[in-house]
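Trainee: I'd like to learn how to read a fold like this one, feature by feature. Can we take it slowly?

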Amino acid sequence: MFLPWANADTGEYAAGNQAAEAIQNFLKVLGVPHLSERSVKFRPGRSSSQRCLFSVPVDFESIGMLTVKLTMLLADLGMSRQDADECLVPLNTTSVEEGQLPHYLHLGVEDDRCKIYWEEKRPETLVKKERFVLYRAWKWRVGESVARSDYVMLTTAQAARQAIEIELSLEPISPLHDLLEQLQVSFALAQEPWPPLTVRIEEIQDGQPTGRNSLNVHLHRASLPLGTVAGTMFSLARDWQSTSRDSVIAWMANHGNEVLSNLSFGRDENDQPFVTCYHGARRHHPEKSDAVQRSDRIAGHSQHARKRSIPTA
């Protein structure tokens, strides 16, 4: 498994493709503080580390500039004009005037696929059965129709627990069970409630569900290092034959002390199981310096990560 960030310059994500470079250039031109994060995805027979995610708070003055620059970026990334117009609706005049702007903008790349997410600010309270879309995403490849995803927040611990159990029941003998149990124990040791904030992904493409059936659990509150799940990720990679043992060792050696921020798992649009680990959030302050620092705040979350040393390799 190729790890493009293992020895990367601390100021850049050397993802090796034009989409990642275009997003980083967009952020440089925008000139506002932002976060960056890496992730690795495991599936039966393969893995992917050509993944990066960038997050920008939508609370700076020039929404007009953001709209113009984002329109240009989406065109450069191969999104159709019709899809771009729909995607940019949250930045329209009405949203600005009514104070209903999204909380965060997230831009991502996964291999040859591009992604844009709008994150809403979580309300102080939610009615139990109220449908609240925490993230709304558009995902596409050049020449391919856009897949739209709603990340629906599960508003009670019981709903989140049931959803996790349903996903696990689809893989009755998978090390995925051990992975979730390890996280549950680690949350207990950190004196944090389990399950954490959980969202269910609902995805459609060309007006039809893609078949994806998955969850995303937010792990920020426990401030766990990625290395916490090293053993279970070794088992998962071996069971699924996703990648070599040496590749997992290299991944953990280089990033094991970084904070594990999110875990996505379930079944993808091809009805194949997958697990994605998000980790290593970093904060960029272009107005001060191009140097990258470890993030002490997670996008859309008040939790501050505990201080950790930056890997030297």
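Mentor: Let's start with a strand pair: β8 and strand β9 (residues 208-209) run antiparallel, joined by two bridges. Two strands pair if DSSP finds at least two bridges between them. Helices (H or I, at least four residues) and strands (E, at least two) are DSSP runs, numbered from the N terminus. This is a predicted model, where local features need pLDDT of at least 70 and side-chain atom pairs count only at pLDDT 80 or more, while totals for chains, interfaces and linings use all residues. Residues are numbered from 1 along each chain as its sequence is written, and side-chain values use heavy atoms, with hydrogens and water left out.

Trainee: What do β8 and β9 form, and which turn residue has a positive phi?

Mentor: They make a hairpin with two residues between the strands, and D206 in the turn has a positive phi of about 55°. Across the pair, I204 stands opposite P209 in β9.

Trainee: Which strand is joined to β8 by seven bridges?

Mentor: That's strand β7 (residues 147-153), antiparallel to β8 (residues 198-205). I204 turns up again here, as the bridge partner of R148. β8 also pairs with β10, antiparallel over four bridges, and T198 has V217 in β10 as its bridge partner. As a general idea, side chains in a regular strand alternate between the two faces of the sheet.

Trainee: How about helices? Which residues of α7 are buried?

Mentor: The general idea is that an α-helix has 3.6 residues a turn, so residues three or four places apart point the same way. In helix α7 (residues 230-240), the buried ones are A230, T232, M233, F234, L236, A237 and W240. Buried means under 20% relative accessible area, exposed over 50%, partly exposed in between (1.4 Å probe, protein chains only).

Trainee: What do the buried residues of α7 pack against?

Mentor: β1, α6 (176-189), α8 (245-255) and β12. Just after α7, Q241 takes a positive phi of about 55°.

Trainee: Zooming out, how many helices and strands does the chain have?

Mentor: Eight helices and 13 strands. Buried residues account for 54% of the 313 residues. Contact means heavy atoms within 4.5 Å; of the contacts between residues at least 6 apart in sequence, 67% join residues at least 24 apart.

Trainee: And pockets? How much space lies in the largest pocket?

Mentor: First the idea: on a 1 Å grid over the protein atoms alone, a pocket is an open set of points with protein on both sides within 12 Å along at least five of seven lines, whereas in a cavity a 1.4 Å probe fits but cannot get out; lining residues have an atom within 4 Å of a point. Grid points are joined across faces, edges and corners, and a volume is the space filled by probe spheres set on the points. Here the largest pocket holds about 700 Å³. Its lining has 42 residues, with R51, K115, Y117, Y151 and Y278 nearest the centre. β1 gives the largest share of that lining, six residues.

Trainee: How much space lies in the second largest pocket, and which residues lie nearest its centre?

Mentor: About 310 Å³. It is lined by 20 residues, and P195, P196, L197, T198 and R221 lie nearest its centre.
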